[in-house]
Amino acid sequence: MSQFAAVIDVRTPEETSLGYLEGAQLFDIQDASFMDNLATLDPAADYYIYCRSGNRAGQAIEIMQQSGFTGELVNGGSLENAANQTGLTVVQ
């Protein structure tokens, strides 16, 4: 996991209140602040993005690419899948 600058959870606050990966940055893709949150990131860095099923993570990756992100952007799929892939703890 150390190759990623950040792990980003793009679910809603209601979803993340039920659990999220330890250390994940919570950037709700449905919130007006999503683009402002992206602007705080290094566009050349690598990011691991997850949501509930992978759909919104894929949308976030498209937006990031269109916004000039050039690093590796990995769709981690669901919280459970992301936890398995990264080895990070789910915080309840």
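Is D9 buried or exposed? At 0% relative accessibility, D9 counts as buried. Buried means under 20% relative accessible area, exposed over 50%, and partly exposed in between (1.4 Å probe, protein chains only). The model is predicted: local features need pLDDT of at least 70, side-chain atom pairs count only at pLDDT 80 or more, and totals for chains, interfaces and linings use all residues. Residues are numbered from 1 along each chain as its sequence is written, and side-chain values use heavy atoms, with hydrogens and water left out.

**View 1. D9 pairs with R11 in a salt bridge.** A salt bridge puts a side-chain nitrogen of Lys or Arg within 4 Å of a carboxyl oxygen of Asp or Glu. Here the N to O distance is 2.7 Å. R11 is buried, at 6% relative accessible area.

**View 2. R52 meets E15 in a salt bridge.** The N to O distance is 3.7 Å. R52 sits in the loop between strand 4 (47–51) and helix 3 (55–66), and E15 in helix 1 (residues 13–16), so the pair ties together parts 37 residues apart in sequence. Helices (H or I, at least four residues) and strands (E, at least two) are DSSP runs, numbered from the N terminus. R52 is exposed, at 59%. E15 is buried, at 17%.

**View 3. E15 also bridges to R56.** This salt bridge spans 2.8 Å, N to O. E15 belongs to helix 1 and R56 to helix 3, so the pair ties together parts 41 residues apart in sequence. R56 is buried, at 11% relative accessible area.

**View 4. E15, R52 and R56 form a network of salt bridges.** The count of salt bridges comes to 3.
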